[in-house]
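Come and look along with me.

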Amino acid sequence: MKICLAQINPTIGDIDNNLKKIKGSIKKAGDGVDLIVFPEMVLSGYPPRDLLHKKQLIFKVNSAVEELIDFSRDYPQLGIIIGAPVETGKKAGKGLYNSGLLISNGSLLFKQHKSLLPTYDVFDETRYFDPAEEIATYLFKGERLGITICEDIWNDPDLWKNRHYDLDPVDILVNKGASIIINISASPFQYDKDEIRTNILKNYVNKYEIPFVYLNQVGGNDELIFDGQSMIINKNGEILGKLKAFADDLLSIELSRDIEQVDRPYTIQKKQDDKIASVEQALVLGIKDYFQKCGFKKAVIGLSGGIDSAVTLCLAAEALGADNVLAVSMPGPYSSEGSVIDSRELAGNLGVDFKVISIKDIFESYKNTLSGYFADLPEDVTEENIQARIRGNILMAFSNKFGHLVLATGNKSELAVGYCTLYGDMSGGISVLADVPKTMVYELASYINRKQEIIPEEIIEKAPSAELRPDQKDEDSLPPYAVLDKILYYYIDKNMSIKEIAAQGYDQEMVSWVINRVDNNEYKRRQAAPGLKLTSKAFGMGRRMPVAARLN
């Protein structure tokens, strides 16, 4: 059987254009293809969230399925597998299945609904879907197909901790005679996930000695980024082909051919910087798709002279093109001269438009206006935050006047402990580094400079500082970032207690301080711009904490 993997980037809710992409891939598949496979929920895009409650969406999906069935008559020898929400037809339950559909020559031949509905991390599928009541195979062109959908294969307790289900759809399909397992998926990117994903697939292949077809969605949808990296593994555990990461791709492979005969065989080429390279590519795709799918073309960024805004500017320039990015330096009374100089150099290296707007006079005006109310009170965080909010307002003015989207530049470490200002540096339409710890920001800067110096070394080497008071340094208020990021990882990603983290070799008083800061600043994060997800536990939809709460 010759199988085509069609890894495409759907837009949530844009049924017409998603169908157009599906048809385009079918036309490109070429002669001799027996089966073309598309991602999970490809017609609606994933995750559609509460759009699934709109009758209009389901009506358009149903119409698109009918149109695709009719279109398939032009390719009578081809089987088409797509993912779509399907009505259950029952009065009880959620009313929808998350389904895989097999279409061929003017007919809907087979439907397999998703069995395992995830409710952890960013997933909330039991809110929308009912689980499959039956798991079955379908004989097509001499092969008995076993169709699974995303979570249906994430059932290995040794590789995917705490995700073990009593039901194993793959085992059921193999026992029913499946000769090929197909998994259509919308599996979000996580920087350490690809190896786990590949091992899960290979474990199934080794256990059952059966070929495996894995087709993953690609593209950015709000906070989530989908990396693609679809693949076909033969019954010997060899990866016959693997599609590109973070890009639309199409690949046809004859399943029975030896790996040496494949037109584009997959070879493992691991590099030391693979992990950070994938993070950089994910962020670039996340920015690009957020802009395109929301209808924006240009970005504006406050360039402080620090490493966070520098990395954000580089990512934005790559995603949108230098001509579509504006960098604004807004020096205040405590800004170092080098901050403006370094920012100007960075903007010049990238070729982006650069403007300097001093906030000194505006800040003095604020203080004069408030002097009668703040008389005899020393300057404190109030005056620091005023400076940040002035800068935020200036950026929003450019956004309103010219239609630019503001990119927030704060990193995960700062957001975690509240080292950020509401309506100031937190202003923005999307927060690029919201799930990037500070230590990883430095790794990104190094990766960006891997071929030539784009980010000036002065920016990378200077001690991190908000420059909102004389001689201010981040580590005056925070633990060293190498220490802070480890504590945050144990608390946020691993849900460890103060005592458990202290047992890892950290001062218990410091751990307690960090955890209190995380808990007490949930109200800020609730008002933050959406942040692109990279880690196992991102703020926002991946970590849903109450604001008004106290856990003793």
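I count a salt bridge when a side-chain nitrogen of Lys or Arg lies within 4 Å of a carboxyl oxygen of Asp or Glu. I keep in mind that this model is predicted.

**Entry: a pair across the chain.** I looked up lysine 533 and found its side chain in a salt bridge with aspartate 121, at 3.4 Å from N to O. Lysine 533 lies in the segment after helix H16 and aspartate 121 in the loop between S5 and S6, so the pair ties together parts 412 residues apart in sequence. Both lysine 533 and aspartate 121 are buried.

**Entry: the search.** How many salt bridges does a search of the whole structure find? I noted 24.

**Entry: lysine 114.** This residue forms a salt bridge with glutamate 40, with the closest N and O atoms 2.9 Å apart. I placed lysine 114 in the loop between S5 and strand S6, and glutamate 40 in the loop between strand S2 and helix H2, 74 residues apart. Is lysine 114 buried or exposed? Lysine 114 counts as buried because its relative accessibility is 1%, and buried means under 20%. Glutamate 40, at 0%, counts as buried too.

**Entry: a network.** I found Asp194, Arg197, Asp227 and Lys242 linked by salt bridges.

**Entry: the surface.** Here I met a negative patch formed by Glu345, Glu453, Glu457, Glu458 and Glu461. Helix H12 gives the largest share of this patch, three residues. Glutamate 458 is found in helix H12, and at 44% relative accessibility glutamate 458 counts as partly exposed.

Terms used: Residues numbered from 1 in each chain as written. Predicted model: local features only at pLDDT ≥ 70, side-chain atom pairs only at ≥ 80, totals over all residues. Heavy atoms only, no water. Patch = residues over 30% accessible without salt bridge, like charges linked within 9 Å, V, L, I, M, F, W, Y side chains within 5 Å. Areas by Shrake-Rupley, 256 points an atom, 1.4 Å probe, with all protein chains shown as cover. Lys, Arg positive; Asp, Glu negative; His and termini not counted. Charge placed at Lys NZ, Arg CZ, Asp CG, Glu CD. Helix = DSSP H or I, 4+ residues; strand = E, 2+ residues; numbered from the N terminus. Buried < 20%, exposed > 50% of the residue type's maximum accessible area, 1.4 Å probe, protein only.
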